[in-house]
Structures are given as C-alpha cells and as structure tokens.
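Good morning, colleagues. Please look at the structure on the screen while I go through a few of its elements.

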Amino acid sequence: MAYRGIIGSTDGKDRREADSDSFDDTITDHSAEVIVPVSRRNKLSLSSDSYEGKPSTQKFSTKSPKGNRPMVITTPTAPTSLCNFVVIKVPAFVRFASACSSRSVRYFYFFGHAMNFNRMDSAHRLRVDVMLYGNDVIDQSNSGSAIESDLPKVVETISDETDSPEIDKADVDNELTNEISAPYEVPQFPIEQIEKKLQIQRQLNEKQSTGTRIAAHVTTPGSEGSPDSSVQVTTEKRETDADINFQRVSVSGEDTSGVPLEDLERASTLLIEALKLRSHYMAMSDQSFPPTTARFLKTVRLKDRYENMPSKSVSDIIRKQSMATCRDLLIQTSPMKHTHAWDVEFVPDEDYDIKPVNGVFHVYTNKEHTDELKFQYPDMNQFVNDMQVMCNMIADGPLKSFCYRRLCYLSSKYQMHVLLNELRELAAQKAVPHRDFYNTRKVDTHIHAASCMNQKHLLRFIKKTLKNNANEVVTHTNGKPMTLAQVFQSMNLTTYDLTVDMLDVHADRNTFHRFDKFNSKYNPIGESRLREVFLKTDNYLNGKYFAQIIKEVAFDLEESKYQNAELRLSIYGKSPDEWNKLAKWAIDNDVYSTNIRWLIQIPRLFDIFKSNKMMTSFQEILNNIFLPLFEATNKPNENPNLHKFLHYVIGFDSVDDESKPENPLFDSDVPRPEEWTYEENPPYAYYIYYMYANMTVLNKFRERRGLNTFVLRPHCGEAGPVQHLVCGFLMAENISHGLLLRKVPVLQYLYYLTQIGIAMSPLSNNSLFLNYHRNPLPEYLARGLIISLSTDDPLQFHFTKEPLMEEYSIAAQVWKLSSCDMCELARNSVTMSGFPHSIKQQWLGPNYYEDGISGNDITRTNVPEIRVAYRYETLLDELTNIFKVNQASHFKQAK
C-alpha cells in the first residue's frame, strides 16, 4: 500500500513531503495526532468502560507492513461512545496506514501536538490527503485480519457491510445523503483566502521537502528485530540560495555592463587593484574583510588555469571557486570563562621593551633594542602611494561612468525585486512565530556616552541629584570647594526653575553647518561647570554622577532587552594617566552592562593643545594614547584595571569637525610626529594613518599574548573632502556617517563590493549638515551597502526614552521602509558591531558569519531568506562580472 502526503508538526519545523516508503524507518520520539473520519456505515465505537474516570489512554500495537518495526497507536478517551471520527496518536514520521483496515478511511489529518480539530484555523492546519488504493487494501486483507484480532475490545466495528466489495453503490449514496463524515465549524474566512494561505505556507516550507538529506545508520547492541537494533541519524543539509523560490531579475547577453569593452576592462583592472589594497590593509591589522570578495580575489592568482577557455566557462569556474568552503567559515573565538563582569583572565607579565620609531611603536625583546618582534604595517611612503593611487582612481572618467551605471542598475534591480517579491517577503515574516521587528536585536553602532541620554532624562537626573546631594562638594573654583547647591546658587537657579528649555541642550536650526554651536550644546544651561560635574569621567568626584546616569541608560537598555549600544568614551591624549583614570572610573563605579560595549574616541585637537602649550609635538599625543595600551598588554598584572577595562573595548574612533579647512593630500616627505611641532593641526589622513599603524602593531602584539584585538571605526564622510572616505576605505573596518559617498560613485561602488559597514544618523545629519529628505540612506540600502541606523547624540537630537526606536520609526515613516527593510537594518547593526562572536550567535543564529541564506536564521533576525538570497546573489553577479572581464583580458594578452 503506497501513499504520498505531507507529514510533520504544525510549527513547520519537521514538516516535509514524502512517499510512504521513504520514511518507514524514520521514527522520532514525539507524538502526533491522526484524525480518521469514518462513514455512517463504518462508525467506530469506544467501549463505555473507557470513560469510568480512567485518565490513562487505551493502547494497542500492530506491525507495519514491512514487519520490521512495531507501531503503537494510542486512542484517547472521549466523552461520547459514538463519534464520526477518532483521534489516534502515532509516533511522528511513521507509516501509519497499516492501522487502518477499512477501505472507508480516506483522509488523515496529521498534527505535531494536541489541537482541537473543531476549533482549528485552516491556515494553521496541515492537511494531508492520503488515498488508499483498493487493490493494495485487498492485498492487505489477510494481514489486516491478523491485526484486527490483536486489537483490544476498546475499538470494534459496528458494521461489516462496508468491508464487502459487493456493497451497492446506490445504497451507500442514499445512506450518506446530506451527511458529513466529521463535525466542523463554519470557517471565518472565505475558502479562497484560506486556500491562498495554505498555498503560501506550503511554498514557504517547500525547502523541507526538497532539501538534500544525508542519512547515517548507527548500529546499537540488541536483537536484530528489536526496535533498538539500529538508530537512524538524519541530518538535513540546507539548500543553497538558488533553491529559494522567488522572482529573480537577471540580464542576459554577452555585454551587460552598458559601457565599451575597453572601458570595462580598464574598470575591472582598477577595481580589482582597489580591492587588493583594502584586503592587504585589513589583513595586516586583523580587521574583517568579506569572505565572498576575498574568495574572488584568490581567483586572480589562478590566471594560467583559464587560458584558452571560453568566457562563459571562465565565469562559471570563478563563481564556483568563490563559493564558501568549510575552512573559510571557521571563526576562532575564546570562550568567556569568567562569571562576573570584571573577573577576566590574566596572562603572565613579559619583559618586552616598547619604543616609538617614526611615530609607530615597536616591540623589542631586550633593552638594547637589537632584537625586535617583527610586526608588519604599512610605512608612511607606502600609505601615501596607496592614497595617491586611490585618489587617481576616483577621478578616472571611464571608471566613474562604469561605477555610476552599476549603481543605477543596482537601484533599479532592487526596485524590481521589491515589486515582484514584497508580498512573499511579508508572508515569510508572518509565518515566523514570536519574532517581529520589536524583538529583533538592534545595536546603536554610533552613540556618544556624554550624550546617550535624552534631555528630559538629564533634567530629571539633575533635579534628583540636587535634591538628594545638595551639600556634596562637586568642584573647586578659584581654589575654593563648592557644593552642588552653591554651584546652582551662583547661577541663581533652583530645582523649580529648571526646565528642558532652560537646559538648552537640544540642537535647533541655528546649529546647521555650525559645529561650534553644536559643541556648545553639550554644556547644560550654557555652563561648562555643569558639563564637568555631570558629563565627565575625570572631575572632582571621579565621574560619580556620570557613572550613575550611564547606569540608568544601561538599565533602560536591559529593560528593553533587544536594544544595545556601543558608547564612545573620550581619550584626549593630554596626559599618560588618562587610560588608568578611565579604567578606574569604570571598575570603581561598576559601569558595566551586557547591552553595552565601549569605543574610544580620540578628538583631533592637537592645535588646541599646542596653542595652550600643553605639548610640543604630535608624538606626545601618540605616546599618551598608545603607550599605556602596550604596557597593559606587556604587563597586565601591573595594570590590572586597564587590562580588565580593555576586555570590553572594541575599537577606536576619530572625532571632530570634518569640515575644518585642511590640506587633504600630503607627500611622503611629510614631517614625522616627533617633527610636527607646528601650531597647525595635522590633516585627517595623518591622524588616521598613525592611529591605524599603531593599532596594527598593538593588535599583533595582543594576539601574540592571547588577548582581544581592536578595530578602527572613525567618523568619516560627514563633511569635508572626499579623501577622508579614501582613508576609511583603506584602513577602517566600519565608518560613521558616509554622506559624501553620494558624490563619489567609484568609492560608493567599492564600499558595496567590500561590504564596509556604515553607521548612519539621519536625525543628526538633519540638524548639522544635510536635510533629512536629501539623506542617501534609502539609496544606499537599496543598492546593497551595509547600512545601520544609529542615534549619534540623543541628548541633542531625540525626545523619547528609546532614541534608537525613534530613529527607526521616523526613517520608516519618511522613506516608507517595510518591515523587511527595518529588520535588515537591525541585522546589519549586529553584524557590524563589536559584540563577541558568541553573543552574535545567540542574536543572529549559530552560522551568522556564513554567506547567503546559510548565515541567516529568520526565527532570530526576522529577515526573509528571499531578501538575504537576493543580496548575496546580486553581490556574486557584480563580482563575477568584474573578475570575468579581468580574466578574459589576460587570456587575450596570453594569446
């Protein structure tokens, strides 16, 4: 007897379509229900002794048709002795048709857990139509009698006439007129709508029935015929992106670029050169580079293999070789063994000697500095040359035309994708239980600690502190201590007088293109003393109040559960003890939260320090910033607080007004840091290079010592020259803002090919540099750049208790973002964040680092696999086109 149907649980996890012979031996432990409707002539009766208060169910066993496995059927008790259907439980994924000895049993409704059939919504019901063929039933009649003899008296046949093949068909029809086989309720929705829901649900779960399955049999001790003689372990291999069913947009033909072949070959060569440069810089500094692009770059070294091959074959080979391998997907992680936040593991102290050479610290094994630990980093000459190459590249006319066309194509392709697949993506999200945009993990990837609270929160905190700690000494003025009450008395203010308007910390129309006025907004009531008292870590109270308000913000994040933040704390480089003071502040005040990680922002303020005669050369800033980090890595037991604090630091940021006038380009003969004694501030690229070079050596040193490493994530492209974005492309893992990419198509296309994360803050930009409706975020998102939404400064730009949700809600309203778009932004924020690998696995899925749909878990991210597959396939297409042309040009030269 053969049949075909869909079996599995209602939640869709174990659901699949299969033939009966394909799952005879796949028995699992959990149970399912089968509803067996019977005709009036063949009703089943449950004996009355089954209902005499006995909670236990009646059981009987039988043999499956193959006779190699017993099958248990459980008949639950019911309040009636006669019924038109009977519910039986069977182990899931078992061939249960042998339990039905009657030809009148035609339909089975199969469920993974107990549900009320009468009250079940059709959209959630897995209906299986299993037809029992007459000849097979007759062939089974002999065995059926044997089975029936073993049945307990709890089930008996009322009428034997139906079993007779000679029954008069007309009589049966007359008997069954206006009768139904099982009770049901009138559906709440039209049948067309119900069937449509069922069809969509079947399509969404199609992967379960078409996926490749690999079975491994493990023999266990026991008799050959016993159920325990063998255990079958079945693992399901996830399908590739090509297996996802959605409407794909593709361009056919030999030339799909729209530019002349000579320009295409030139563009391909230049783009691959740029990708090589970034890959080299990222590898040296232990920062991430997208594995998909990295595998394409590997194919460039295999040019000789493709000689004399047709172009299409080359394209197929390149695409195949660029697919992920198991080795590429390995991620080295160190498990967090400590239970308390500050109980971190200490490594033994070493006796290395640290010394700067031309602005970059070197590590020596002896005091004479003759034996050095060789850590590779690009010297100034190499960096200047690479900068000039990139600047020439972004000014190349044919390359600009090519990149602009490709970006326009990506925008149009996305619009077509949305038109064709928006409903499918929405249906996929609706099919996921529990998960929606509100309970997907989000990370505020760009937020400053000094302004992480909103203005109402700060006002409430100041009033509370003034009421409870009025007599606490908070500062010294002219050598005299002043209490908090005295500070407010000197301003003729009381708690009753304080209002949000009086605080005057919110940005307004007067701050547009006025970064100086924006910075003054950090001073509550325009008083720098209040900023020092409440928003600084290094003050008379050692940052006591600032720690308290940070902990209140952290508590709000923990209450929301799904929102996280990467707060930026400042290290100015004014003195060498700044790091130890900051670490002591964090540990003494226990400023820690599972929802928070730290970035260190370094303001570009050398000109101010020089004019105030606080230092003589730029080298002093580098000494104050990086030497304590090398010492804490070399001898962590002598710097315990800093060693503990660095465990939660994920990287460095460079901040200041990018619109300041500067000379963005310089030659290799630029003065070295110890020679930079001018009062003029070094250019942006000068700061970024020395931050990158020292961080590269520090990362290699910390990796050698088994400690965590750092990344570079500067403010970049908010204003000023586009050369800032070139620095970000070469040396930064992620950047913040990136508004100027809209003016440089070559860099924008390169940022797409290398999947560089961009933390964008539209509300912040709206008050400072770019009106909201002109913000390029929706354009970047449509083209496939890795974009995340961030708040920047909630104190200046936001009104609500959840500024990140405020940012998302305004973006969704203004740009009409779909739920899929918002969940994609949230997923991007987690992937580009600095939270540990183990935490990202909890938030995104165990394989989040893989490419395509294999790295997406919709039950955690709520991003449909259709969207993920589209993004991955589009990136593969762009890379394949570029590298295919490059290989073809080499074939012609070889010939």
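At what angle do helix α6 and helix α22 pack, and how far apart are their axes? Before I answer, please note that this is a predicted model. Helix α6 spans residues 261-285 and helix α22 spans residues 723-731; the two pack at an angle of about 60°, and their axes are 7 Å apart. Because angles of 65 to 115 degrees count as roughly perpendicular and those under 35 degrees as roughly parallel, α6 is classed as oblique to α22. On the α6 side, the contact is made by Ala 274, Leu 277, Arg 278, Tyr 281 and Met 282. Helix α22 contributes Gly 728, Phe 729, Leu 730 and Met 731. Sorted by class, the contact of α6 with α22 has 7 nonpolar residues, 1 polar and 1 charged.

I turn now to strand β19, residues 563-570. This strand is mostly covered, with 7 of its 8 residues buried. Which strands are joined to β19 by bridges? One is strand β16, residues 442-448, which runs parallel to β19 and is joined to it by 5 bridges. Within that pairing, Asp 444 has Ala 565 of β19 as its bridge partner. Another is strand β20, residues 596-603, joined to β19 by 6 bridges, and here too the strands run parallel. In this case Ser 570 has Gln 601 of β20 as its bridge partner. Between β19 and β20 the chain passes through helix α17, residues 578-588, and this β-α-β crossover is right-handed.

Next, an open sheet. It is formed by 4 strands in the order β23-β24-β25-β26, with parallel pairing. The edge strands are β23, residues 715-716, and β26, residues 786-789, each of which pairs on one side only. Strand β25, residues 757-760, is joined to β26 by 4 bridges, and the two run parallel. There, the bridge partner of Ile 758 is Ile 787 in β26.

Finally, a single residue in a loop. Thr 440 lies in the loop between α10, residues 397-430, and β16. Is Thr 440 buried or exposed? Its relative accessibility is 2%, so Thr 440 counts as buried, the cut-off for buried being under 20%. Leaving aside residues up to four places away in sequence, Thr 440 touches Arg 435, Tyr 562, Cys 823, Ala 826, Arg 860, Thr 861 and Asn 862.

Thank you for your attention.

Notes. Residues are numbered from 1 along each chain as its sequence is written. This is a predicted model: local features need pLDDT of at least 70, side-chain atom pairs count only at pLDDT 80 or more; totals for chains, interfaces and linings use all residues. Side-chain values use heavy atoms; hydrogens and water are left out. Axes are lines fitted to C-alpha atoms, for helices over the stretch in contact, and angles run from 0 to 180 degrees between N-to-C directions. Angles under 35 degrees count as roughly parallel, over 145 as roughly antiparallel, 65 to 115 as roughly perpendicular and the rest as oblique. Contact means heavy atoms within 4.5 Å. Ala, Val, Leu, Ile, Met, Phe, Trp, Tyr, Cys and Pro count as nonpolar, Asp, Glu, Lys and Arg as charged, and the others, Gly among them, as polar. Buried means under 20% relative accessible area, exposed over 50%, partly exposed in between (1.4 Å probe, protein chains only). Two strands pair if DSSP finds at least two bridges between them. A crossover is right-handed if, with the strands pointing away from the viewer, the path from the first strand over the helix to the second runs clockwise.
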